[in-house]
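Hi there,

Here is the model I promised to pass on to you. Please have a look at it first, and then read my notes below.

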Amino acid sequence: MNIRLNGTEQSVADGASVSTLVSQLTGRSIGPDGRAADGRKLGVAVARNAEVVPRSQWHATALADGDDVELVTAVQGG
Amino acid sequence: MNETTFAGTQAVPMTGAVADPFVVDGVRLGSRLIMGTGGAPSLDGLGAALVASGTELTTVAMRRYSPAETGSLFQLLEDRQIRVLPNTAGCFTAKDAVLTAELAREALETDWVKLEVIADEHTLLPDAVELVDATEQLVARGFKVFAYTNDDPVLALRLENLGAAAVMPLGAPIGTGLGILNPHNIELIVSRASVPVVLDAGIGTASDAALAMELGCDAVLLATAVTRAQNPVLMGEAFKHAVIAGRLAKMGGRIPRREHALASSAMEGRAEFL
């Protein structure tokens, strides 16, 4: 299936969870609580169809075809 | 309100010889300088400037994650134990600002937010209507709102009454370095506020920051003035001292301005030369 990730079309496995997507993009292993398995903070957040998905819900939230996903992090800014 | 000490701060922050913590939302900060991270050409240079400035709170923006840029600002701030104040820079509507704040809370695990809702890219001035709307919504959602606002005493009080944790009037438009264009309004905002007032934006050099403190502001927020200075480390240190000097001058109490000269040496007992 296809989703829009940060404004770009991307294909993901059918039924993939938000957690799987975040893990693939950041290269970090993520536990069921939405935290990195290495214990360090991830520093990212996800919005799906313009609504924030709390990290506690990443594991249980399956992506659907056509979803619009934004993955953001902290960058320099005043 | 319960006062907590952030890891890395002194137990009793000092201004010169005076115990003088900057307390916002019950959190005690050891510096009255909030240095933003915007505008620095490299992460290494930014880290050095942040340390030189002595800041314990810094702003960041929220942007799309890019796997290519994992030299992490987030990690740099964690390593230096500098508390993060995410902003909503680039938002033109209350709706976007609220969503951005929610993302920041989730990503950075803080309910503090520097609320910026700008009217247009040319002036970067706050849009008062959207700002009021966003403040109301964010306060209702449990955020601690640091409201970036125009130097308008009426609006500043409105924001406080809506529950803002701090009001942050601009000295001049973002990035201009024009200093404090309306000191009278800043003084007026300070005199009526019961939440911290942070002079935000427009600072060009150290004396601007000292003036902000002399006018009674509780803290100063700046980024460009350090990150785009010719030598950001020196400028960071200059601002550290400027904020302390301005604060001490405010507490010390300046002399009144006079029309005519007033000798400080006695006229009596002078030698007479015949």
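S9(B) and strand S10 (residues 144-149) of chain B run parallel and are paired through four bridges. Please keep in mind throughout that this is a predicted model. In this pairing, B:Trp112 sits opposite B:Lys144 of S10(B). The two strands belong to an open, three-stranded sheet of chain B with the order S9-S10-S11 and parallel pairing. Its edges are S9 and strand S11 (166-169) of chain B, each of which pairs on one side only. From one strand to the next, the twist averages 15°.

**The nonpolar core**

Which residues touch the most other members of the largest nonpolar core? Among its 100 residues, they are B:Leu115, B:Phe146, B:Val167, B:Val198, B:Cys217 and B:Val220. Helix H3 (residues 94-108) of chain B provides the largest share of this core, with eight residues. As a general background, nonpolar side chains in soluble globular proteins tend to be buried together.

Setting aside neighbours within four places in sequence, B:Phe146 is in contact with B:Leu85, B:Trp112, B:Val113, B:Lys114, B:Leu115, B:Ala165, B:Ala166, B:Met168 and B:Val198.

**H3 against H4**

H3(B) also packs against another helix. The axes of H3(B) and H4(B) come within 8 Å and cross at roughly 35°, and the crossing is right-handed. On the H3(B) side the contact involves B:Ala94, B:Ala97, B:Val98 and B:Ala101, which meet B:Glu130, B:Asp133, B:Ala134, B:Gln137 and B:Leu138 of H4(B). Sorted by class, this contact has six nonpolar, one polar and two charged residues.

B:Leu124 lies in the loop between strand S9 (112-115) and helix H4 (128-140) of chain B. Is B:Leu124 buried, exposed or partly exposed? B:Leu124 has 18 C-beta neighbours inside 10 Å, and therefore counts as partly exposed; a buried residue would need 20 or more. Not counting residues up to four places away in sequence, B:Leu124 touches B:Ile118, B:Pro173 and B:Ile174. The C-alpha atoms of B:Leu124 and B:Ala89 are separated by 9.5 Å, with the two residues 35 apart along the chain.

**The S6-S13-S12 sheet of chain B**

Chain B has another open sheet of three strands, in the order S6-S13-S12, and its pairing is parallel. Strand S6 (33-35) and strand S12 (198-200) of chain B are the edge strands, each pairing on one side only. Neighbouring strands here are turned by 20° against each other on average, ignoring direction. S6(B) is joined to strand S13 (residues 219-222) of chain B by three bridges, in parallel, and B:Ile34 stands opposite B:Leu221 of S13(B). Helix H9 (residues 232-252) of chain B lies across S6 and S13 of chain B, at about 155° to S6(B).

S3(A) pairs with strand S4 (residues 51-53) of chain A in the antiparallel sense over three bridges. The two form a hairpin with two residues between them, and A:Asn49 in the turn has a positive phi of about 50°. S3(A) also pairs with S5(A), antiparallel and over five bridges. A:Arg48 takes part in both pairings: A:Arg48 stands opposite A:Glu51 in S4(A), and has A:Val69 as its bridge partner in S5(A).

How many residues of the two chains are in contact? There are 20 in chain A, touching 28 in chain B. Strand S3 (44-48) and strand S5 (68-76) of chain A each supply at least two residues of the chain A side, and S5(A) gives the most, with seven. By class, the chain A side divides into eleven nonpolar, six polar and three charged residues.

Strand pairing also crosses between the chains: S5(A) pairs with strand S7 (residues 57-64) of chain B, antiparallel over five bridges. Within that pairing, A:Thr73 has B:Arg63 of S7(B) as its bridge partner.

Best wishes

Notes:
Residues are numbered from 1 along each chain as its sequence is written. Chains are lettered from A and ligands numbered from 1 in the order in which they are written. This is a predicted model: local features need pLDDT of at least 70, side-chain atom pairs count only at pLDDT 80 or more; totals for chains, interfaces and linings use all residues. Two residues are in contact if their C-beta atoms, placed from the backbone, lie within 7 Å. Ala, Val, Leu, Ile, Met, Phe, Trp, Tyr, Cys and Pro count as nonpolar, Asp, Glu, Lys and Arg as charged, and the others, Gly among them, as polar. Two strands pair if DSSP finds at least two bridges between them. A nonpolar core is a set of buried Ala, Val, Leu, Ile, Met, Phe, Trp, Tyr and Cys residues joined through C-beta atoms within 7 Å. A residue is buried if 20 or more other C-beta atoms lie within 10 Å of its own, exposed if 12 or fewer, and partly exposed in between; C-beta atoms are placed from the backbone. Axes are lines fitted to C-alpha atoms, for helices over the stretch in contact, and angles run from 0 to 180 degrees between N-to-C directions. A crossing is left-handed if the near helix is turned anticlockwise from the far one by less than a right angle, and right-handed if clockwise.
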